[in-house]
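Take a look at the model below. We will walk through it step by step, from the overall fold to single side chains.

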Amino acid sequence: IRPGLASLVIQTQAFFTIGFAMLLAGERIRGFQVAALVLAGAGLVWLLAHADASATPLGLALVLFAALSWAGGNTAQRAAGPVNALSFVVWSSVFSAPPLFALALVMEGWPAVSQPIVQADAGAWAAVLWQSVGNTLVGYAVWGWLLARHPAALYRPRVASIGGACPGKVPVLLGIVLVEVAAEEGLELRIRLLVRGEVLVA
């Protein structure tokens, strides 16, 4: 599955997060939010229906499982209450690193793990810095702070709807520009359905 498509599919964590909140915490969503979720879901289904051969059933299943895991993390963080969100993210990262490293060794082997570290240039390390500090520490700390204080259907309040409602669109566009991934016909319309649905939920 292409990275751009994966970055869109993994946003199904929104559906899983809201579903967990309804099932475990008894939360309810309003009618317009149901309509928004249906709109976003329609865009996602349309996107998958017109995906190229690179999107295999196994690849899609793994990304959906990742989305389910993300929703599980959201649910656990919400259950923890208004704790120090930055500390929560830091300790979560500490506990997640060893199994992820072990999986990388088993599935990819030491050469595939070590060579990118040795051969990485300044741009690659800048990307690592952004992912670790910007996205993980800052982004998820703010995310957790919002999750602890708002219902699941509103876990992307208005400020998050500007940048957080279209997290999949940016990787798709970057894939087209930087990795020369061919843009499929109608892809823009499908992304718009996803984004508009998530903005309406927010």
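This is a predicted model: local features need pLDDT of at least 70, side-chain atom pairs count only at pLDDT 80 or more; totals for chains, interfaces and linings use all residues.

Now consider the chain as a whole. It has 202 residues, and 33% of them count as buried. The chain exposes about 11900 Å², and carbon and sulfur atoms supply 74% of that area. Next, look at contacts between residues at least 6 apart in sequence. Of these, 81% join residues at least 24 apart.

One link of charged side chains deserves a stop. How many salt bridges does a search of the whole structure find? It finds one. The partners are Glu27 and Arg78, and their closest N and O atoms are 2.7 Å apart. Glu27 sits in the loop between helix 2 (13–25) and helix 3 (31–49), while Arg78 belongs to helix 4 (residues 57–79), so the pair ties together parts that are 51 residues apart in sequence. Is Glu27 buried or exposed? Its relative accessibility is 18%, so Glu27 counts as buried. The cut-off for buried is under 20%. Arg78, at 21%, therefore counts as partly exposed.

Leu100, Phe101, Leu103, Leu105, Val106, Met107 and Trp110 make a nonpolar patch of about 790 Å². Which helix gives the largest share of this patch? Helix 5 (residues 85–108) does, with six residues. Phe101 is found in helix 5. At 45% relative accessibility, Phe101 counts as partly exposed.

Finally, turn to the aromatic rings. A pair of such rings is described by the distance of the centres and the angle of the planes. The structure holds four aromatic pairs. In one of them, Trp91 and Phe95 have ring centres 6.4 Å apart and planes at 40°, so this pair is tilted. Both residues lie in helix 5, and they are separated by about one helical turn because they are four residues apart. Trp91 is exposed, with a relative accessible area of 53%. Phe95 is exposed as well, at 64%. Elsewhere, ring pairs link Trp70, Tyr140 and Trp143 into a cluster.

Definitions and conventions:
Residues are numbered from 1 along each chain as its sequence is written. Side-chain values use heavy atoms; hydrogens and water are left out. A salt bridge is a side-chain nitrogen of Lys or Arg within 4 Å of a carboxyl oxygen of Asp or Glu. Helices (H or I, at least four residues) and strands (E, at least two) are DSSP runs, numbered from the N terminus. Buried means under 20% relative accessible area, exposed over 50%, partly exposed in between (1.4 Å probe, protein chains only). Patches are made of residues with over 30% relative accessible area and no salt bridge: like charges are joined within 9 Å, nonpolar side chains (Val, Leu, Ile, Met, Phe, Trp, Tyr) within 5 Å. Accessible areas come from the Shrake-Rupley method with a 1.4 Å probe; for residues, only the protein chains shown count as cover. Contact means heavy atoms within 4.5 Å. Rings of Phe, Tyr and Trp (its six-membered ring) pair if their centres lie within 6.5 Å; planes under 30 degrees apart count as stacked, over 60 as edge-to-face and the rest as tilted.
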